[in-house]
Amino acid sequence: MIYHSSIFYPGNRDELLAAVSPIAAGVPHRAFILPHQALQYSAHLYREAFASIPDGTRIVAFLPLHREPLIRDSSSILFSPSEREERTELGIVRIGSLGYPSSASYEEEEYSLELLYPFIAYHNPASTLYPVFMHARTSQDARLLAGIAEALDDGRTAFIISSNMTGRGLAEEKVKEERDRTIKAIERGDGLLDQWHKGRIGACGTPAIEALQRALRSRWRFAGLGTEERMAGHAYFYMD
């Protein structure tokens, strides 16, 4: 189902095509952090990331939930959609499932998944997208995510984490301060989960950011900022 067209990205085909193109061929990278931010402010970051994802690559996306799971889902922290095809303005996106409990109840609220659709339809039509919605909080959860990434890291898989650099509810004058502190912490890569628990950094995808660092045994490289930083901070990272 398409829920967020014309809200967080253009619903008109011509406007959407202008947002996602051009995407030149870039040096392939293994993992990316991209913001969940309206594409009018972040499309340039997505274009840069997808330039480094060859068509046909399996794409695994870790997508944070921004609320508690439903009571019926309280025993789970990971959720995935059923296999399907999404028909978008730019073509079909193939969705695969990793077999976790259904994410259907969360997709209407969490727009991060749909931000990927236009770029996959345009640049990666032969790829299959495997979304994983996650309610990860603890070091045990991070170890679980790291194990999943290690099992899927076959040289033909790219990992995307959707994460903003700040938490919710910050005063506008505090956004850039927390954003920059979080960016520096991710670049250093030390004790991210501990800093997140203590409120020193605000990236909502921190458990997955730390998990991929462990699983892929590499460091995150900061590569760019979103263009609208009033309500939250937004940044792009990649990992070789």
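A search of the whole structure, which is a predicted model, finds one cavity of 30 Å³ or more. A cavity is a set of points on a 1 Å grid over the protein atoms alone where a 1.4 Å probe fits but cannot get out. Grid points are joined across faces, edges and corners, and a volume is the space filled by probe spheres set on the points. The largest cavity holds about 30 Å³ of space. Its lining, made of residues with an atom within 4 Å of a point, consists of Met1, Tyr3, His4, Arg84, Glu107, Glu110, Leu113, Glu114, Tyr117 and Phe133. By class, five of these residues are nonpolar, one is polar and four are charged. Here Ala, Val, Leu, Ile, Met, Phe, Trp, Tyr, Cys and Pro count as nonpolar, Asp, Glu, Lys and Arg as charged, and the others, Gly among them, as polar. Helix α4 supplies the largest share of the lining, three residues.

Residues are numbered from 1 along each chain as its sequence is written. Local features need pLDDT of at least 70, side-chain atom pairs count only at pLDDT 80 or more, and totals for chains, interfaces and linings use all residues, while side-chain values use heavy atoms, with hydrogens and water left out.

Two of the lining residues, Arg84 and Glu107, form a salt bridge in which the closest N and O atoms are 2.7 Å apart. A salt bridge is a side-chain nitrogen of Lys or Arg within 4 Å of a carboxyl oxygen of Asp or Glu. Glu107 lies in helix α3 (residues 104-107) and Arg84 in strand β4 (residues 84-88), so the pair ties together parts that are 23 residues apart in sequence. Helices (H or I, at least four residues) and strands (E, at least two) are DSSP runs, numbered from the N terminus. The structure holds 17 salt bridges.

Helix α4 (residues 112-123) also packs with helix α1 (residues 13-20), at an angle of about 80 degrees and with the axes 10 Å apart. Axes are lines fitted to C-alpha atoms, for helices over the stretch in contact, and angles run from 0 to 180 degrees between N-to-C directions. The angle makes α1 roughly perpendicular to α4, a term for angles of 65 to 115 degrees. In this contact (heavy atoms within 4.5 Å), Leu16, Leu17, Ala19 and Val20 of α1 meet Pro118, Phe119 and Tyr122 of α4. The contact has seven nonpolar, no polar and no charged residues.

Definitions and conventions
Angles under 35 degrees count as roughly parallel, over 145 as roughly antiparallel, 65 to 115 as roughly perpendicular and the rest as oblique. On a 1 Å grid over the protein atoms alone, a cavity is a set of points where a 1.4 Å probe fits but cannot get out, and a pocket is an open set with protein on both sides within 12 Å along at least five of seven lines; lining residues have an atom within 4 Å of a point.
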